[in-house]
Amino acid sequence: MRHEKLDKKFFLVREDVLPEAMKKTLDAKEMIERGKAESVWDAAQKVDLSRSAFYKYRDTVFPFHTVVKERLITLFFYLEDRSGTLSQLLSVVASSGCNVLTIHQTIPLLGRANVTLSLNTAGMQIEIEELLTRLRRLEFVERVEVLGSGA
């Protein structure tokens, strides 16, 4: 089996060079956040965007002020596939004061699974390095990487 390293880079990009679908996704997210749209469907329709495009970009494009304010961090985990591992992992994250924003888990192959967590660290009660140390100590965690941080 070929293991690919997950190399995600983050960039600060001017709005005028973003594709229209990304701009419209930002507009739709803002409408939902401000209560000017009742649902994703409603917001997408108001900005003339397909729901599939909204869902494609919603977790990948953020206004700069939001990332800085919310102190986002994205972590990538390479885990052994055992019952209850995600629950234990999330328990450590929650006990540190982080708020989980997104979770993506791959289907386990050959006893291993990849998990990506996006976290809001604004309420974190420990340093990020301490959280990483605690996560690496979990016996089923083979690797933890910081993919990006807005903090």
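A contact, as used in these legends, means heavy atoms within 4.5 Å.

**View 1. The whole chain, a predicted model.** Of the contacts in the protein chain with a separation of 6 or more, 68% join residues 24 or more positions apart. This is a predicted model, in which local features need pLDDT of at least 70 and side-chain atom pairs count only at pLDDT 80 or more, while totals for chains, interfaces and linings use all residues. Residues are numbered from 1 along each chain as its sequence is written, and side-chain values use heavy atoms, with hydrogens and water left out. Six helices and four strands make up the secondary structure; helices (H or I, at least four residues) and strands (E, at least two) are DSSP runs, numbered from the N terminus. Follow the sequence along and you will read α-α-α-α-β-α-β-β-α-β.

**View 2. How confident is the predictor?** pLDDT is the predictor's confidence in each residue, from 0 to 100. The protein chain averages 85, and 87% of the residues score at least 70. Helix α5 (residues 85-95) has the highest mean, 94, and helix α4 (residues 64-70) the lowest, 56. Look also at residues 1-6, where pLDDT stays under 50; the model has eight contacts for them beyond four places in sequence.

**View 3. The aromatic pair of F54 and Y55.** The structure holds one aromatic pair. F54 and Y55 form this pair edge-to-face, with 5.5 Å from centre to centre and 80° between the planes. Rings of Phe, Tyr and Trp (its six-membered ring) pair if their centres lie within 6.5 Å; planes under 30 degrees apart count as stacked, over 60 as edge-to-face and the rest as tilted. F54 counts as buried because its relative accessibility is 4%, whereas Y55, at 39%, is partly exposed. Here buried means under 20% relative accessible area, exposed over 50%, and partly exposed in between (1.4 Å probe, protein chains only). Across the 151 residues of the protein chain, 35% count as buried.

**View 4. G97 and its partners.** Find G97 in the loop between α5 and β2 (99-105). Which residues does G97 touch, not counting those up to four places away in sequence? They are G123, M124 and Q125. G97 and A122 are 25 residues apart in sequence, and their C-alpha atoms are 8.2 Å apart in space. With a relative accessible area of 22%, G97 is partly exposed.
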